[in-house]
Amino acid sequence: MPAYAVAHLHTPSDHEDVLRYIELIQDTMEPYGGRFLVHGSPVEVVEGEWPGALVMLSFPDMEAAHDWYASPAYREILPLRTGHITGDVVLVEGVGPGYDARRTAAAMRTARGRSAAG
């Protein structure tokens, strides 16, 4: 299943180190099948608040996402960003092509019923 790296960058910056990070990140992702889905696009907030910027990367699976994030090449450039931008980064597994939210709701009801009975 696909996996995603999602970054909510609270304090975007065009510091020279950040620009260097942006120049170098693509090469760190390619060996792991990573690609950008969102990078630098403005967000349209329709609920709540969203200070900052959003970056989304796609990987073939969670193992590839973990391997990229832990790779020596990425760890080497990471301080170029973290030294100038605060934010949150998560890795999350996506859903398969046949995903149906109705089945998820049904499974959650069943699990809730078991918890109440126990």
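Colleague: What lies 2.7 Å from a polar atom of the side chain of Thr 28?

Modeller: The backbone oxygen of Ile 25 lies at that distance from the Thr 28 side chain. Please bear in mind that this is a predicted model, in which local features need pLDDT of at least 70 and side-chain atom pairs count only at pLDDT 80 or more, while totals for chains, interfaces and linings use all residues. Residues are numbered from 1 along each chain as its sequence is written, and side-chain values use heavy atoms, leaving out hydrogens and water.

Colleague: What makes the pair Thr 28 and Trp 68 a polar contact?

Modeller: A polar contact is a pair of N or O atoms within 3.5 Å, where within protein one must be able to donate a hydrogen and the other to accept it, and residues adjacent in sequence count only if both atoms are side-chain atoms. The side chains of Thr 28 and Trp 68 are joined at 3.0 Å, so the term applies.

Colleague: Why is Thr 28 called buried?

Modeller: Buried means under 20% relative accessible area, exposed over 50%, and partly exposed in between (1.4 Å probe, protein chains only). Thr 28 has 5% relative accessibility and therefore counts as buried.

Colleague: And why is Gly 83 called exposed?

Modeller: Its relative accessible area is 54%, so Gly 83 is on the exposed side of that definition. Gly 83 lies in the loop between helix H3 (72-82) and strand E4 (87-93), where helices (H or I, at least four residues) and strands (E, at least two) are DSSP runs numbered from the N terminus.
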